[in-house]
Amino acid sequence: MRIGVDAGGTFTDFVILHEDGHLEAWKLRSNPAAPAQVILEGLRRATGRKRAEVVHGSTVATNALLERKGARTAFITTAGFEDLAAIGRQNREQLYNLTPDLKVPLVPRERCFGVRERAYYDGVIAKTPSQREMMALRKRLFRMRVDSIAICFLHAYQTPGNERIVEEALRGVGFVCRSSEVCPEFREYERASTTLINAYVGPLMDRYLGELERLSPHRISIMQSNGGSLPARDARRHAVRTILSGPAGGVTGASETARLSGYSKILGFDMGGTSTDVSLCEGAPRESVESSVDGFPIRIPMLDIHTVGAGGGSLARVDAGGLLRVGPESAGADPGPACYGAGDEPTVTDAHVVLGRIAVDQLAAGALRLDAGRAALALDRVAKPLGMDRVRAAEGILRVANANMERAIRVVSVERGHDPRDFALVAFGGCGGLHACELAAQLGLRTVLVPAFAGVLSALGLLWADTVRDFAIGALSHETLDPLFRSLERRARRELPGASLERSADLRYVGQSYELNVPWRGDGASAFHREHQRVYGYSDEKRPIEIVTVRVRARRTTPKPALVRESNAGQAPAMERRVFVDGRWRRVRVYARSQVSRAIADGPALVADYGATTLIPPGWQFHQDDHGMLIIRRTSFRRKS
């Protein structure tokens with residue numbers, strides 16, 4: 001038995017792959033104060049006394065970073081560079097803002113310490129830390145009661161000896177991590193930022209995963225930001241690799257289900273209860289080693305995912321200027337949208353309830369009965385200040401949310417040189433299907449795909465993920481490459497036996513400031529020229545190339561779930577419901593997902609599934625293929641104003 005567990009801000013999703021290949025799914029309300037307890041309850045319900053392999057997408061590290069609720073961390077660096085974390089790159093993110101808000105570093109200046117040491121880029125250690133200095137530093141850290149320590153020395157990516165000396169001297173003070181282990185790559189600020197984040201969220205992940213391992217008999221792996229899983233014991237040391245853990249499962253699930261249905265170019269659209277994650281896949285999910293989260297650079301391989309604060313629980317309000325705003329604040333799991341029966345603030349989900357798009361007994365197969373009256377009263381809190389009725393206010397909330405999500409999709413498509421009209425939109429998450437067709441019309445897309453298990457696709461994607469480890473080291477010259485690759489491969493085989501190995505390298509033209517990662521098969525020059533041409537529109541085969549970093553990825557494949565549905569001869573009869581769609585109230589046919597077949601039907605329609613609902617407006621047709629993919633195509637190409 002294998003189980004995928006995705007802990008979201010509103011619900012925790014479980015997908016169980018039984019020994020006979022049968023898939024089962026359900027949702028439990030998340031508990032932000034005790035997330036491990038919800039997971040343990042779900043695992044007990046799924047397995048009884050059986051043992052299982054569990055792949056978990058966690059938001060613990062992400063939330064700790066975004067909410068600034070990480071560990072009390074100290075930063076140790078080379079003497080004279082104590083302000084490294086605060087200075088950063090001095091880039092102006094808001095070029096025309098004359099009074100920008102200052103970015104507050106994760107570690108205050110009083111917890112940044114310099115050590116008198118020096119190592120050169122060529123591997124020579126000129127000065128080692130003294131024992132007396134280490135003893136004094138150890139006492140200071142004890143007095144400051146730090147929980148974790150990040151060590152980042154100049155050129156430690158090439159010469160890690162001094163970092164190891166300090167790590168050993170400070171052992172027992174707290175959670176200690178060094179840059180030469182977390183991110184052995186050049187660029188001291190990015191390396192320091194990555195190591196600091198690992199130290200900042202590491203103790204929380206260590207305790208959280210420790211509790212899961214202690215109280216659960218199962219073998220637990222954690223989804224990484226690169227789309228592969230990692231054993232829990234390794235994730236406890238490398239917490240920074242789990243920053244986009246849950247969304248990475250969604251990208252994997254979207255790309256795999258779309259591939260089964262014959263679509264290779266997709267835009268992933270994951271709208272959950274708290275946020276929306278968008279991604280672009282052109283044959284395979286896009287990946288980057290130059291990502292940032294909340295303005296802090298993270299230099300590890302990560303799937304290219306853009307997140308905005310727009311979800312089913314996003315709060316709607318009228319600001320001081322009389323404008324309607326939606327998000328990024330969310331009602332979360334507690335109290336949740338007003339229709340859940342506890343909160344009073346209007347949300348996107350409440351707007352859908354008021355417009356008849358979500359029935360009161362529909363959510364999670366009726367396990368959570370909604371309060372339509374409470375949703376209507378909540379909508380009045382924005383309708384009255386705007387001088388309109390609650391139906392128009394609900395429509396306005398959805399249009400504002402759609403605008404936020406449309407901008408996010410343009411970030412990963414138009415702003416990266418891709419025409420979104422060349423892609424199919426894969427919608428999933430609890431609310432993705434309710435907004436997908438309207439978003440597609442705004443962007444000019446003709447095809448929307450809604451996979452089977454759309455409401456829990458991130459958890460299902462975890463079961464598709466292979467076990468993956470990434471290894472990297474700085475490169476000095478062409479002559480050293482083969483020994484460096486072999487060294488990384490020996491380490492990879494030691495840490496992940498039986499894995500297949502993939503070589504790649506970060507290359508650039510001499511004089512450039514940034515690199516491109518290309519596969520390395522004997523010589524990466526040709527691949528680099530082609531990639532440079534694709535990304536930047538030009539290449540120069542006569543210009544010298546330098547190699548900055550070599551990488552090895554170890555991958556151990558896992559069995560993949562099969563998605564096969566029973567075929568129906570035609571659409572089953574559907575009930576009808578009064579729904580506000582395309583500007584007016586209409587009688588709309590409502591199908592259960594199991595009722596939809598290969599026969600093409602016309603919208604408007606609602607397709608209700610466990611944990612997700614899909615709205616098909618007028619001018620769209622839909623059917624379901626043999627893999628359970630709901631395929632929706634536009635017949636009218638009128639762009640909405």
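Predicted model: local features only at pLDDT ≥ 70, side-chain atom pairs only at ≥ 80, totals over all residues.
Contact here means heavy atoms within 4.5 Å.

Helix 12 spans residues 390–412 and helix 13 spans residues 432–443. Their axes come within 10 Å and cross at roughly 60 degrees. That angle makes helix 12 oblique to helix 13. The crossing is right-handed.

Helix 12 also packs against helix 11 (residues 372–386), with axes that come within 9 Å and cross at roughly 80 degrees. Angles of 65 to 115 degrees count as roughly perpendicular, and helix 11 and helix 12 are therefore roughly perpendicular to each other. On the helix 11 side, A376, L379, D380, V382 and A383 take part. They meet R390, A393, A394 and I397 in helix 12. This contact comprises seven nonpolar residues, no polar ones and two charged ones.

Six aromatic pairs were found in a search of the whole structure. One of them joins F14 and W26, a tilted pair with 6.2 Å centre to centre and 35 degrees between the planes. F14 lies in strand 2 (residues 11–17) and W26 in strand 3 (residues 23–29), so the pair ties together parts twelve residues apart in sequence. F14 is buried at 0% relative accessibility. W26 is buried as well, at 3%.

The rings of F485 and W520 also form a tilted pair, with centres 6.2 Å apart and planes at 35 degrees. F485 lies in helix 15 (residues 481–495), whereas W520 lies in the loop between strand 26 (516–519) and helix 16 (525–536). The pair therefore ties together parts 35 residues apart in sequence. Both F485 and W520 are buried.

Note on methods:
Residues numbered from 1 in each chain as written. Heavy atoms only, no water. Axes fitted to C-alpha atoms, helices over the stretch in contact; angles between N-to-C directions. Helix = DSSP H or I, 4+ residues; strand = E, 2+ residues; numbered from the N terminus. Parallel < 35°, antiparallel > 145°, perpendicular 65-115°, else oblique. Left-handed = near helix turned anticlockwise from the far one by under 90°. Nonpolar A, V, L, I, M, F, W, Y, C, P; charged D, E, K, R; others polar. Phe/Tyr/Trp six-rings, centres within 6.5 Å; stacked < 30°, edge-to-face > 60°. Buried < 20%, exposed > 50% of the residue type's maximum accessible area, 1.4 Å probe, protein only.
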